[in-house]
Amino acid sequence: IACGVETNWFGHPEYEGHAIGLKTLADAYAVRDRVLMAMERAENTGAEEAALRSRLLTTVVVGGGPTG
């Protein structure tokens, strides 16, 4: 049990608005939902929207601690 655990943005609070931590089950669901929704949106983009499709299918994982 790790009481009081919070995601550490390592001095970059601006990351919080663009990233999801992975400390709780709710965080895991949020990551899953965001990835699945991006894939669905990419699937529904037209051929002329290749740049958008590429952005939607790009995922960045930051951190490599116990969760990473």
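1. Accessible areas in this note come from the Shrake-Rupley method with a 1.4 Å probe, and for residues only the protein chains shown count as cover. On that basis the protein exposes about 5,800 Å², of which carbon and sulfur atoms supply 58%.

2. The structure is a predicted model, in which local features need pLDDT of at least 70 and side-chain atom pairs count only at pLDDT 80 or more, while totals for chains, interfaces and linings use all residues. Residues are numbered from 1 along each chain as its sequence is written, and side-chain values use heavy atoms, with hydrogens and water left out.

3. The protein has 2 helices and 0 strands; helices (H or I, at least four residues) and strands (E, at least two) are DSSP runs, numbered from the N terminus. Buried residues make up 10% of the 68 residues, where buried means under 20% relative accessible area, exposed over 50%, and partly exposed in between (1.4 Å probe, protein chains only). Of the contacts (heavy atoms within 4.5 Å) with a separation of 6 or more, 3% are between residues 24 or more positions apart.

4. Thr45 lies in the loop between helix H1 (25–43) and helix H2 (50–56). Thr45 counts as buried because its relative accessibility is 11%. Its side chain reaches the backbone oxygen of Ala42 at 2.7 Å. Not counting residues up to four places away in sequence, Thr45 touches Leu52, Arg53 and Leu56.

5. Leu56, a residue of helix H2, has a relative accessible area of 14% and is therefore buried. Beyond its neighbours within four places in sequence, Leu56 is in contact with Ala38, Arg41, Ala42 and Thr45. Leu56 and Arg41 are 15 residues apart in sequence, and their C-alpha atoms are 7.3 Å apart in space.

6. A nonpolar surface patch of about 480 Å² is made by Leu22, Val31, Val35, Leu36, Met39 and Leu57. Patches are made of residues with over 30% relative accessible area and no salt bridge; like charges are joined within 9 Å, and nonpolar side chains (Val, Leu, Ile, Met, Phe, Trp, Tyr) within 5 Å. A salt bridge is a side-chain nitrogen of Lys or Arg within 4 Å of a carboxyl oxygen of Asp or Glu. Leu22 belongs to the segment before H1, and its relative accessibility of 40% is why it counts as partly exposed.

7. Phe10 is also found in the segment before H1. Although Phe10 is not a glycine, it has a positive phi of about 50°. Its relative accessible area is 65%, so Phe10 is exposed.

Terms used: Polar contact = N/O pair within 3.5 Å; in protein donor to acceptor, adjacent residues only side chain to side chain.
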